[in-house]
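Here is a set of questions and answers on one model. Look at the sequence and structure first.

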Amino acid sequence: MKIVFATNNQSKLKEVREIIPIGIEILSLKDIGFFDEIKETGTSYEENAQIKTKYISNKYSIDCFADDSGLEVPCLNGAPGIYSARFAGTPKNDINNIKKLKEKLKKKTKPLAYFKTVISLNINKENIFFKGKIKGYISKETKGINGFGYDPIFIPDGYDKTFGEISSKIKNKISHRSIAIRKLVEFIKKNFF
Ligand code: IMP
């Protein structure tokens with residue numbers, strides 16, 4: 001089966017394609033000829049993910065899913081949360097976002113953090129959500145070149161390396177997005193194969 005992953009984020013696309021099993025072909029927005037940006041105007045991960053899937057299913061009458069993710073730091077009252085991509089302003093810039101977050105956390109030791117993902121799936125005119133979450137802490141140092149976003153400063157529980165240093169194979173075993181994607185795959189396998 002073919003399904004659209006409604007994202008313009010090439011890193012997310014690569015991650016998800018590595019997790020999804022043979023038999024489910026992931027099409028990108030580019031593959032279906034969509035090159036705009038869908039504005040994330042919601043106030044929750046659920047709303048933002050659903051805005052993307054509703055827009056694409058309505059425009060193309062096609063099954064699709066989208067994720068909305070973010071980094072939450074409890075000692076900053078959950079910030080940057082749904083504003084993770086634009087934490088240091090627009091246009092979004094990963095280096096500035098990391099700089100701003102580190103500045104806010106400079107007096108803290110190993111501040112607790114969570115990456116969260118909500119996936120919205122629009123299939124057969126039905127809408128379902130899948131969630132994933134991973135616990136870790138924010139590193140004092142920015143390390144590694146793998147992944148994207150806050151990966152170089154996030155150290156997952158049980159590890160002593162950032163997501164930026166860890167291979168994509170390991171990130172894809174434990175990450176928030178991989179947890180949500182595996183739930184989506186189970187759902188599709190159970191109901192559509
Ligand atoms: P969105 O889900 O595309 O709205 O953006 C979420 C933002 O959260 C990204 O731009 C990143 O800054 C951050 N983020 C989400 N997931 C990850 C991840 O797996 N690694 C690093 N940063 C992430």
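This is a predicted model: local features need pLDDT of at least 70, side-chain atom pairs count only at pLDDT 80 or more; totals for chains, interfaces and linings use all residues.

Residues are numbered from 1 along each chain as its sequence is written, and side-chain values use heavy atoms, without hydrogens and water.

Q: Are α1 and α5 parallel, perpendicular or oblique to each other?
A: Helix α1 spans residues 10–19 and helix α5 spans residues 176–192; helices are DSSP runs of H or I, at least four residues, and strands are runs of E, at least two. They pack at an angle of about 50°, with axes 10 Å apart. Angles under 35 degrees count as roughly parallel, over 145 as roughly antiparallel, 65 to 115 as roughly perpendicular and the rest as oblique. Therefore α1 is oblique to α5.

Q: Which residues of α5 does α1 meet?
A: Contact means heavy atoms within 4.5 Å. From α1 come Lys-12, Glu-15, Val-16 and Ile-19. Their partners in α5 are Arg-177, Ser-178, Ile-181 and Arg-182.

Q: How far is a nitrogen atom of the ligand from an N or O atom in the side chain of Arg-177?
A: The ligand is surrounded by 15 residues (a heavy atom within 4 Å). Arg-177 is among the closest, as is Lys-171. A polar contact is a pair of N or O atoms within 3.5 Å. For Arg-177 the distance is 2.7 Å.

Q: Which residue has a polar backbone atom 3.1 Å from a nitrogen atom of the ligand?
A: Lys-171 uses a polar side-chain atom, 2.8 Å from a ligand oxygen atom. The backbone atom at 3.1 Å from a ligand nitrogen belongs to Tyr-150.

Q: What is omega for the peptide bond that joins Ala-79 and Pro-80?
A: Most peptide bonds are trans. The bond between Ala-79 and Pro-80 is cis. Pro-80 lies in the loop between β3 and α3. Its omega is about -5°.

Notes: Axes are lines fitted to C-alpha atoms, for helices over the stretch in contact, and angles run from 0 to 180 degrees between N-to-C directions. A polar contact is a pair of N or O atoms within 3.5 Å; within protein, one must be able to donate a hydrogen and the other to accept it, and residues adjacent in sequence count only if both atoms are side-chain atoms.
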